[in-house]
There are 2 protein chains.
Amino acid sequence: MNNAWHKEMLAEVKAGGRISDQDIVEKVRRAVLMQRLPPDTKLPEVTLGEVFGVSRSVVRKALTRLASEHVVDQRPNQVARVRAPSIEETRETFEARRLVEGEVAAQLAGQLDDEIMATLETQARLETEAYERGDEPARIEHSLTIHHLLAEHSPNRVLGAMLTDLVLRTSIVIALYKRPSLASCYLENDHPRLLDRLGKGDGEASRTCIHEHLHSLEALLDLRPRENSIDLMSILGRTAEQT
Amino acid sequence: MNNAWHKEMLAEVKAGGRISDQDIVEKVRRAVLMQRLPPDTKLPEVTLGEVFGVSRSVVRKALTRLASEHVVDQRPNQVARVRAPSIEETRETFEARRLVEGEVAAQLAGQLDDEIMATLETQARLETEAYERGDEPARIEHSLTIHHLLAEHSPNRVLGAMLTDLVLRTSIVIALYKRPSLASCYLENDHPRLLDRLGKGDGEASRTCIHEHLHSLEALLDLRPRENSIDLMSILGRTAEQT
DNA sequence: TGACGGAAAACTGTATACAAAGTTGGGGGC
DNA sequence: GCCCCCAACTTTGTATACAGTTTTCCGTCA
């Protein structure tokens, strides 16, 4: 699994009280998001049970939920693993999110009350500050909060729930495919500009803004096809021929 | 639960072989879709277990999955019930489906190979025939097949999966809110027209066609606010004051 | 008669035991 | 030296027991 995370969780559980399946879902999801649990990490039921101090029953329920959230891969008779979405799926997830979040933003434009707008602006400011002091985890946290707030306040709850799922999934693939040379996926001004257009009540401008934001984000990733296990196979095959 | 369905399932299980959690998911989902299990029907774990000849462990997993599909409502310490989406949620589901299926159709236009187009046209013809002979279950079956085929062949698998979910959810609410006076929610020509536009490769016309189709469908429902338990509460409250 | 209270029944939550399937590593054959 | 096969080990699948919660129903009291 991941030994550091392992220990950290153990300590946290000892300190806190009882743990429910939903707690496990949230802790694992967060660990995946924060790259504490990299893709393909095995998540055996007994191990997780020991970490959280519960039996397999609870862990199993949590894993089933995580699988339906696309965070974990659960195959019959095999250990659950942290899911590693393909490059193909990454592109498709971004496209789906552009469609859904664009629509949500368009509907939300001019409909957000002052209190929520203020919260959004605070988060945008905190994101910038976190970026400037190089605190990437905090930056991600604030960036996610902005998008989650949009999803949460969508007048259409069905679309809102879909957006929440898509935000999670894009976050995972960003962590996975971020160009290693980049310290951060921060896009200066994108969030403030979006908030400005939302505040002015311009639905179509807000939609466009979301589209551009997500295209820019996607462009920060390295989505070139790469040597995967299949390619490795063929290479090994050729080496064998050369011998 | 539902006694007729109950017995039918018992017979089916005795005839067939082993039953997995996924089988239960499919059978319950289908029963809900076909209105064999009306909204709010209680689904106790032991009863389902007896019906399908498995223990609660398997049933619990199935119920968790059904809950994540929005077919069933699972609250802590309470029996699972067939979900009854509100009128509000019904409208939102239709809106979400228009957005997603419109996009899928636009992407699919001109991209479907002859074999799939032929299958789609067969289903459309079978739907009409089923309608003409008054076989509503068969009509629904063929109609659903058309939309599921679109979802399945969407070049964007993420959008496709979202569409599959939305088709299921709209089917459930159609069953729930269909005007009782209507024998069927059949819309003559809608499906053939869509297939024609898909075949011609006109993406935007296909999207429009989907939008119109779903608006027409929604219009066949009775989504007027009704006396529900909350209204009943307030009435009882006022009666109490009057006394 | 109707409302309240409490015991019994029904049901879910969790842990655990056993069965079945998958994984791994070592020894023998080529 | 390499591959294959088999046995031990690991891990998941399913059933079941018991604890805790909710619901139901009946008897009592105003």
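The sections below cover the basis of the model, the chain interface and the domain interface.

## Basis

This is a predicted model, in which local features need pLDDT of at least 70 and side-chain atom pairs count only at pLDDT 80 or more, while totals for chains, interfaces and linings use all residues. Residues are numbered from 1 along each chain as its sequence is written, chains are lettered from A and ligands numbered from 1 in the order in which they are written, and side-chain values use heavy atoms, with hydrogens and water left out.

## Interface of chain A and chain B

Contact (heavy atoms within 4.5 Å) links 22 residues of chain A with 22 residues of chain B. The two chains bury about 1800 Å² between them, and carbon and sulfur atoms give 62% of that area. Buried area is the accessible area (1.4 Å probe) that two parts lose on being put together, summed over both. On the side of chain A, the residues that lose the most area to chain B are A:Glu92, A:Leu99 and A:Val158, together 31% of what that side buries.

Zero salt bridges are found across this interface; the rule asks for a side-chain nitrogen of Lys or Arg within 4 Å of a carboxyl oxygen of Asp or Glu. Eight residue pairs, both at pLDDT 80 or more, are in polar contact between chain A and chain B. A polar contact is a pair of N or O atoms within 3.5 Å; within protein, one must be able to donate a hydrogen and the other to accept it, and residues adjacent in sequence count only if both atoms are side-chain atoms.

Helices H4 (56-68), H5 (87-108) and H8 (157-177) of chain A each give two or more residues to the side that touches chain B. H5(A) provides the largest share, nine residues. Helices here are DSSP runs (H or I, at least four residues), numbered from the N terminus.

## Domains of chain A

An automatic or database domain assignment divides chain A into domain 1 (3-82) and domain 2 (87-219). Their centres, taken over C-alpha atoms, are separated by 27 Å. In chain A, 10 residues of domain 1 are in contact with 10 residues of domain 2.

The two domains of chain A bury about 880 Å² between them, with 69% of it on carbon and sulfur atoms. Of the area that domain 1 buries against domain 2, A:Leu33, A:Met34 and A:His70 supply 52%, more than any other three residues. One salt bridge is found across the domain interface. A:Arg30 and A:Glu141 form a salt bridge with their closest N and O atoms 2.9 Å apart.
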